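Let's sit down together and learn to read a few features of a protein model. Bring your questions, and we will take them in turn.

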Amino acid sequence: MGKQKVTLTINGDQHQGEVEPRMLLVDFLREVAGLKGTHVGCDTSNCGACTVLMGGRSIKSCTYLAVSADSKEIVTIEGLSRNGELHPIQEAFWENHGLQCGYCTPGMILSAAHLLAKNPNPTDAQIRIGIAGNVCRCTGYQNIVNSIQKAAETQ
Amino acid sequence: MTKLVFPQEKWIGTKVKRKEDLRLLRGKGQYTDDIQVPGVLYAGLVRSPYAHARIKKIDFEKVLGIPGVVCTLTGQEITALTNPVPKNLYEPYNKIEDYCMAVGKSRYVGEVVAAVVTENKYQAEDAVELVEVEYEPLDPVVDPEKAMQSSSSLVHENVPSNLVWEGKYDYGDVNGAFAEADIVVKDQFYFHRFTSAPLENSVVIADYDEQRESFTIWSNNQRPMFNHRFVTTALGIEGEKIRYVTPDIGGGFGIKNDSYLYLILLALLARRAGRPVKWVETRSEHMASSLHGNEVFYDAELAMQKDGTITGLKARAVHDEGAYMRREPIGAINFIRHATVGYNFKNLTMDIRCVATNKCPVGPNRSYGKMQQCFLVERLIDIAARRLKLDPVEVRLKNFVKSEQMPYETPTGMILDGGDYGAVLQKAVELIDYPKVRAEQVEARKFGRYIGVGFVMGMDGCPVNSSIQRMMNPKAQASGDAEAAWVKINPDGQIVAAVGSSPQGQGHETIVSQIVADTLGVHPDDVYAVPGFDSTVNPSAPQSGTYASRFAIVGVGAVLGAALKVREKALQIASHLLGDALIDQLELEDGRVFLKDAPDRGVSLEDIARTAWVDLAKLPDDIEAGLFAHFVYRPDFKLPVDKQRGNFSLTYSYSVTGAVVEVDVETGKVKILRLVVVDDAGKRLNPLIVEGQIHGAIGHQLGAALYERLLYDDEGQLITSTFKDYAAPSAADFPTFEVDYVDNPSLATPWGARGAGEGGGSPLIVVSSAVSDALAPFDVEIKSSYIDPEYVLKKLVEATD
């Protein structure tokens with residue numbers, strides 16, 4: 001099948017590529033745009049390691065075609081910190097030991113960003129449901145929930 | 001060498017925030033799949049859809065017609081290219097051959113049958129689909145009891161039986177204990193198959209340098225240097241012909257300990273292709289064919305006196321090992337390291353049977369072989385206590401080894417390294433407010449609500465004394481454990497440390513910095529701890545890696561030893577530079593050595609380092625140039641006492657988990673109302689990291705009890721092969737848990753730390769205890785480690801029938 005031209009705005013920068021129509025968005029981000037912070041953990045959109053923001057909403061980039069994302073605005077984990085300063089959610093994860101191996105962390109933080117944008121003062125239960133699409137195998141989630149709670153308080 | 005003691009404890013023992021987080025939080029971590037190797041190719045692996053089948057023919061014709069295909073490989077070729085990986089089994093079972101691909105027949109669903117190498121990863125997926133393999137299905141061996149019968153088909157036809165390893169252990173006077181016991185409880189128990197399923201699947205990249213005839217292997221294996229002998233044996237090459245790199249690893253939990261077959265396979269593919277080759281495991285590949293946790297069927301009996309004193313334990317344990325003994329029977333034998341958990345009974349027998357079946361091999365999975373033994377003992381104690389109408393908490397307190405008895409030698413030769421088991425249990429009891437929960441339980445039952453409470457102990461011996469290998473093979477020539485580190489101060493004053501571990505989220509860079517900071521009198525931020533592992537940079541021992549909670553003992557010992565050597569040398573040079581001041585008159589603080597009596601007379605570490613490396617004429621004559629030290633630490637491990645006894649761990653970390661649950665007897669659903677863990681890891685070197693480890697163990701083990709199960713059907717098909725079927729829990733599935741500590745320093749390590757982080761299974765086992773308690777009015781006892789609604793309802797139906 002012929003390749004198609006795709007243009008995405010990722011973290012404010014334009015990225016173009018000639019890609020197979022079947023190319024997944026996560027592969028575009030990692031292989032074409034060279035942004036390795038977005039990860040793959042399950043291939044079935046269960047684990048959320050591939051979560052990015054598209055137009056401000058969290059989506060799972062492992063089950064989204066790059067061609068479908070044409071002309072969309074994407075934010076990946078690399079776009080969250082500005083001028084070397086950590087985003088308040090990143091800062092809260094650091095302060096509260098909200099990560100261990102770090103593999104789920106980019107997706108988890110972007111889901112948290114989406115959650116806090118919708119609901120700036122979530123309860124513990126709302127946070128747990130808000131990140132239910134993101135699997136972490138290291139932390140038992142407790143410090144992730146604490147981190148998001150603290151980020152909400154400081155935002 | 002001076003004693004391995006921290007000169008000061010300013011940073012050790014404090015909650016230093018993790019250094020590695022600054023890259024991981026920004027998406028700047030480097031995992032193996034992130035590494036860009038120029039010219040890299042991709043491997044796609046063809047896997048068996050049958051549990052047991054003869055491989056008749058592998059046809060690549062259709063593959064060779066598509067673009068991007070570079071080369072192929074089959075199991076048939078493997079025998080000419082590699083040697084089988086050595087195993088620790090007795091004759092004749094050491095004849096079982098394990099290669100990096102199925103040879104002649106496939107022995108589990110997902111076993112690698114062929115490989116195709118292509119220019120890009122989408123082509124690799126296409127190519128795998130086009131390989132035509134002709135199989136002749138054989139009878140699948142799925143039930144380990146039936147597998148031991150002579151009528152069963154054989155998983156490995158070159159050995160006489162599927163019972164591939166057997167060990168009978170007998171301690172004290174078991175027959176006497178059972179003859180004199182007031183009661184004997186006897187039952188069957190099942191510990192289910194699950195996996196800690198790290199979020200990052202396995203990834204391997206290999207490259208072959210034809211001129212040097214050497215390989216570079218990048219991977220997320222947890223212990224490449226430990227596995228090095230398997231890789232070199234298989235490839236038939238010398239030790240120094242492989243460079244290993246493990247960058248950031250996205251979780252391991254033991255599951256990535258033994259991915260060595262993929263290191264071998266990718267090395268072969270890279271050599272054949274003449275270019276670097278990468279393989280990225282999919283989640284389904286991971287679930288079907290990486291490694292599963294030990295699945296055990298127990299027939300067991302516990303003898304007890306009327307007053308609750310445990311007098312003896314008898315058990316027959318059948319391990320469903322899967323198709324190959326890749327790390328086994330270590331997990332099965334690990335019962336020795338936890339046989340009596342924290343209790344003081346003397347008499348026990350264990351009859352261990354390891355059975356080959358047509359399933360994925362089992363191996364290390366957070367609390368390897370340990371939580372299984374703790375589950376058995378804890379379940380039996382609860383059942384016996386109920387039979388005698390005794391409080392299970394009182395029964396445990398009565399039987400615990402007391403702190404004043406420490407160090408305490410158990411019948412299997414474990415030397416318990418201090419702690420106060422009773423105090424830990426009592427703290428959990430207080431935090432749960434046990435009397436109040438009991439009152440609530442009575443009240444709730446009036447309204448048809450079934451609340452239960454349980455307290456169980458988990459124990460984790462760590463690290464591993466490799467002499468345990470002599471338990472499975474008396475000819476094994478291994479004992480002890482070791483880790484290596486180096487510390488140096490560069491001519492510009494930069495302090496650098498490297499160690500042989502390959503961590504997967506345990507924060508070693510941070511802890512290494514804390515250790516060096518306290519040893520050299522600097523701030524942890526002044527220390528650059530080399531991230532990841534690279535065998536051309538990091539030092540290592542043949543045991544190196546991050547597994548078995550060993551870092552707090554061997555990793556710390558190695559770094560501390562190297563840092564102390566650098567400190568000693570820095571003081572010697574300073575003494576000379578300060579006009580032959582006496583070393584014991586010197587102080588090292590804030591990066592500067594000075595005279596205690598005259599603090600303004602001093603010299604900075606930077607000046608000392610510059611002198612040591614580049615201003616060499618100023619060095620004393622008898623001092624070697626440079627400011628660098630390498631140290632290989634080995635803890636004080638002994639050989640086994642005899643054929644069935646030995647101290648195979650140094651520290652015995654333990655925890656008590658208390659839980660309150662509610663069981664819906666209509667639906668069988670279990671809800672955790674409260675969960676409290678009280679842990680004793682001894683001296684917590686970084687309390688932030690230790691707490692994170694405890695949380696993680698709770699997550700895995702609670703998940704295993706309620707949600708996670710690897711389930712095979714009667715044909716040996718894995719039913720739970722994706723995250724859609726294998727229910728890795730989310731944040732919404734867990735309660736908020738409470739963690740507390742009782743700190744009793746380990747008597748076995750100079751710095752008082754125990755290996756932490758595996759939990760010994762107590763958060764898993766507590767569910768069976770509390771659910772049994774909730775269902776006491778129905779006389780239900782839970783006998784499975786996996787407790788889904790279906791199981792609960794089945795038990796209720798059995799009880800009321």
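This is a predicted model: local features need pLDDT of at least 70, side-chain atom pairs count only at pLDDT 80 or more; totals for chains, interfaces and linings use all residues.

Q: How do I describe two packed helices in general, and what are the values for α7(B) and α8(B)?
A: Two packed helices are described by the angle between their axes and the distance between the axes. Here, helix α7 (residues 224–235) of chain B and helix α8 (residues 260–273) of chain B have axes that come within 9 Å and cross at roughly 40 degrees. The two helices α7(B) and α8(B) are therefore oblique to each other. Their crossing is right-handed.

Q: Which residues of α7(B) and α8(B) meet?
A: From α7(B) come Asn227(B), Phe230(B), Val231(B), Ala234(B) and Leu235(B), and they meet Tyr260(B), Leu263(B), Ile264(B) and Ala267(B) of α8(B). Sorted by class, this contact has eight nonpolar residues, one polar and no charged.

Q: Now chain A: at what angle do α2(A) and α5(A) cross?
A: Helix α2 (residues 88–95) of chain A and helix α5 (residues 142–154) of chain A cross at roughly 135 degrees, with axes that come within 8 Å. That angle makes α2(A) oblique to α5(A). The crossing of α2(A) past α5(A) is right-handed. On the α2(A) side, the contact is made by Pro88(A), Ile89(A), Ala92(A), Phe93(A) and Glu95(A), and on the α5(A) side by Ser147(A), Lys150(A), Ala151(A) and Thr154(A). By class, that gives five nonpolar, two polar and two charged residues.

Q: Stepping back to a whole chain, how many helices and strands does chain B have?
A: Chain B has 21 helices and 29 strands. Its radius of gyration is 28 Å, close to the 28 Å that the globule rule gives for 801 residues, so chain B is as compact as a globular protein of that length. Of those 801 residues, 59% count as buried. Among contacts in chain B with a separation of 6 or more, 80% join residues 24 or more positions apart.

Q: And where chains A and B touch, which element of chain B supplies the largest share?
A: The contact takes 40 residues from chain B and 44 residues from chain A. On the chain B side, the largest share, six residues, comes from α19(B). That side divides into 16 nonpolar, 15 polar and nine charged residues.

Terms used. Residues are numbered from 1 along each chain as its sequence is written. Chains are lettered from A and ligands numbered from 1 in the order in which they are written. Helices (H or I, at least four residues) and strands (E, at least two) are DSSP runs, numbered from the N terminus. The radius of gyration is taken over C-alpha atoms; the globule rule is 2.2 Å times the number of residues to the power 0.38. A residue is buried if 20 or more other C-beta atoms lie within 10 Å of its own, exposed if 12 or fewer, and partly exposed in between; C-beta atoms are placed from the backbone. Two residues are in contact if their C-beta atoms, placed from the backbone, lie within 7 Å. Ala, Val, Leu, Ile, Met, Phe, Trp, Tyr, Cys and Pro count as nonpolar, Asp, Glu, Lys and Arg as charged, and the others, Gly among them, as polar. Axes are lines fitted to C-alpha atoms, for helices over the stretch in contact, and angles run from 0 to 180 degrees between N-to-C directions. Angles under 35 degrees count as roughly parallel, over 145 as roughly antiparallel, 65 to 115 as roughly perpendicular and the rest as oblique. A crossing is left-handed if the near helix is turned anticlockwise from the far one by less than a right angle, and right-handed if clockwise.
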